[in-house]
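Hi there,

Here is the structure I promised to pass on. Have a look at it first, and then read on for what turned up.

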Amino acid sequence: MRRPTASFNRGMQTVTLIPGDGIGPEISTAVMKIFEAAKAPIRWEERNVTAIKGPGGRWMIPPDAKESMDKSKIGLKGPLKTPIAAGHPSMNLLLRKTFDLYANVRPCISIEGYKTPYTDVDLVTIRENTEGEYSGIEHVIVDGVVQSIKLITENASRRIAEYAFEYARNNQRTSVTAVHKANIMRMSDGLFLRKCREVAENYKDIKFTEMYLDTVCLNMVQDPTQFDVLVMPNLYGDILSDLCAGLIGGLGVTPSGNIGANGVAIFESVHGTAPDIAGMDLANPTALLLSAVMMLRHMGLHDYGNKIQTACFDTIRDKKVLTKDLGGNSKCSEFTADICRRIQDLD
Amino acid sequence: MPMLQPPPAKYGGRHTVTLIPGDGIGPELLNHVREVFRFSCVPVDFEVVHVNSALETEDDINNAITAIRRNGVALKGNIETKHTMAPSVKSRNNLLRTSLDLYANVMHCQSLPGVQTRHKNIDIMIIRENTEGEYSSLEHESVSGVVESLKIITRNNSLRIADYAFQLAREKGRRRVTAVHKANIMKLGDGLFLQCCREVASGYPDITFDSMIVDNTTMQLVSKPQQFDVMVMPNLYGNVVSNVCAGLVGGPGLVPGANYGHAYAVFETATRNTGKSIADRNIANPTAMLLASCMMLDHLKLYDHASSIRNAILTTMNETRLHTADIGGQGTTSEVVQSIMRFIQSKGQLTTDL
């Protein structure tokens, strides 16, 4: 991940915390407890991001949330609700547009101790996060005919390709694969692919390959070890990153980070709000916790990140206090307490 | 298959079927199909039409389309799309599907006992809308460096594919149909698709209907694929889901696919791979293409021939375990085909009995 622009800072760093909906608040509390146990130098500033209509009728996030993020530059976010079909726009999309979060990064690494049919998964999906199929531009042409517009621009494609290669270089990854469907979407995916090829010229130390989306899917479920860093437009990224999350155990254990243009980065859990178990102390905080670890590494606080991750993985490997989705029947608070205890023992 | 009558066999009880060899492994696999058909005395004559993917003109593909209109049925390999050519040179395969209005792509993914996979007991039917959606080939560069690609969803095509899915489910005795979509983001487009599925579902109270967002679907497929029965979806998601499912049951060499319209039917391998890197090396898996040819025989109501060949294929796969490299074996394509023909010979009637 990119080095933080702030100089080395022994004092507390402010992070904007967005607990979110459903199980969001309880897993955020769990993360805060664990950070406290680790004595991480993080000061949390809680903010809410329910959509409000600003002047001119455009939907926007509350101004105090924006202000906090602009100052702190780093955010940690729980799950937000998105209604299906009609209604106000997706809150996640709104956040991305507001802070120009153009890269969604999801490292998928098999968790030792949480068995899935796939072992040795170690790949990263880097998804263009601002345009593509999620432009939100749809029209009813005539009654019964709908048109959705997929937008691919030179600038966004170049930017995401550059980020992917930079990431590969900074994280000692050996190859970057561009995922596309340029055989069908000749102009749009063709443009994306061309930009990736151009950027690859400046990174001769990294191997560059191209693969059709369907071939990637086909090969991914047979042998995921052949993949390293994958870069792709929005929709393919959405599908593939979830597919890869499925390989390692699901959204409950997958971290995610969104990188923006002005040094802004928001790390988030990508699972849903789980309204059926909200408020019942049953939620699994692992995804949010691992995203927070990703955040610590992004901020240069690797020691704290490693300590917390080790404690989390040890708890999972031990299998004594697992939440229901991990195969146990312990409470969220018990799981959290176990991790806190291990952190304190590690010191 | 619902709604489609095969063309009557003219010319002395023999059917004529259009054969498009395509590129990569297509030609060699289709040669094996012809070999097996000749050996089994299948009353099918192939009209071979070549499509040169290196040419920019559409004459070749138009000839192929005319031939299919004439014969009503085709068996094809994949035609390569050289996307280094100008964007106006569209995918030949896509042109074929849209010109003939082959609106339903049907794929049946089943776990085969003789093939080693991570997941067992998979039995999923995927029905994919085959003509519109993201494959509308409507793109333009409105401003330099900004490209718009249009995804079209229509009520008519969505109702049509949903109806196909439910009819097929009923015919095959399946219990549940799941619509795959992304209506939380594409509220109008996928929203319309979903709505059409719901409307059709209300006419089939004996079949359970539910829906799932596409990213969740892929996640569920890699962890618990046994939960799915019949799935219906627009074009692009169909591409993703069918490839994931093919991978889950053992790879692209195993699964046959069919494209149906009201008037025509075209059979091919389900994942439509050209397989350039393994072409002409006698290592490609002939199973998918041979099973596709059996689907074609069923369509032509030549059920006995279809069963005979299919049984021989599955016996080779499951009992002798003569496998090609893609499923972990060391057999060559021709060894597998020879084994299949030996089974047909041992089980089949002598031609003197027919």
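In chain B, helix α9 (residues 303-320) packs against helix α10 (residues 333-347) at an angle of about 120°, and their axes are 8 Å apart. That makes α9(B) oblique to α10(B), where angles under 35 degrees count as roughly parallel, over 145 as roughly antiparallel, 65 to 115 as roughly perpendicular and the rest as oblique. Axes here are lines fitted to C-alpha atoms, for helices over the stretch in contact, with angles running from 0 to 180 degrees between N-to-C directions. Helices (H or I, at least four residues) and strands (E, at least two) are DSSP runs, numbered from the N terminus.

α9(B) and α10(B) cross in a right-handed way; a crossing is right-handed if the near helix is turned clockwise from the far one by less than a right angle, and left-handed if anticlockwise. On the α9(B) side the contact uses Ser308(B), Ile309(B), Ala312(B), Ile313(B), Thr315(B), Thr316(B) and Thr320(B), and on the α10(B) side Val336(B), Ser339(B), Ile340(B), Phe343(B) and Ile344(B). Contact means heavy atoms within 4.5 Å. By class, the residues of the contact of α9(B) with α10(B) are 7 nonpolar, 5 polar and no charged. (Ala, Val, Leu, Ile, Met, Phe, Trp, Tyr, Cys and Pro count as nonpolar, Asp, Glu, Lys and Arg as charged, and the others, Gly among them, as polar.)

Before going further, please note that this is a predicted model, in which local features need pLDDT of at least 70 and side-chain atom pairs count only at pLDDT 80 or more, while totals for chains, interfaces and linings use all residues. Residues are numbered from 1 along each chain as its sequence is written, chains are lettered from A and ligands numbered from 1 in the order in which they are written, and side-chain values use heavy atoms, leaving out hydrogens and water.

The axes of helix α6 (residues 214-223) of chain B and α7(B) come within 10 Å and cross at roughly 5°. That makes α6(B) roughly parallel to α7(B). Val214(B), Thr217(B), Thr218(B), Leu221(B) and Val222(B) of α6(B) meet Tyr237(B), Val240(B), Val241(B), Val244(B), Cys245(B) and Leu248(B) of α7(B). The contact of α6(B) with α7(B) has 9 nonpolar, 2 polar and no charged residues.

α7 of chain B (residues 235-249) also packs against helix α6 (residues 213-220) of chain A, at an angle of about 25° and with the axes 7 Å apart. That makes α6(A) roughly parallel to α7(B). Their crossing is right-handed. From α6(A) come Leu213(A), Asp214(A), Cys217(A) and Leu218(A), and the residues they meet in α7(B) include Leu236(B), Asn239(B) and Val240(B). The residues of the contact of α6(A) with α7(B) divide into 7 nonpolar, 3 polar and 1 charged.

How much area do chain B and chain A bury between them? About 4,800 Å², with 65% of it on carbon and sulfur atoms. Buried area is the accessible area (1.4 Å probe) that two parts lose on being put together, summed over both. His83(B), Arg118(B) and Lys187(B) supply 14% of the area that chain B buries against chain A, more than any other three residues. The contact takes 59 residues from chain B and 58 residues from chain A.

Finally, the domains, with bounds from an automatic or database domain assignment:

- Chain B has domain 1 (1-107 + 254-348) and domain 2 (118-249). Their C-alpha centres are separated by 24 Å, and the two domains bury about 2,000 Å² between them.
- Chain A has domain 1 (12-107 + 250-346) and domain 2 (117-248). The two domains bury about 1,600 Å² between them.

Best wishes
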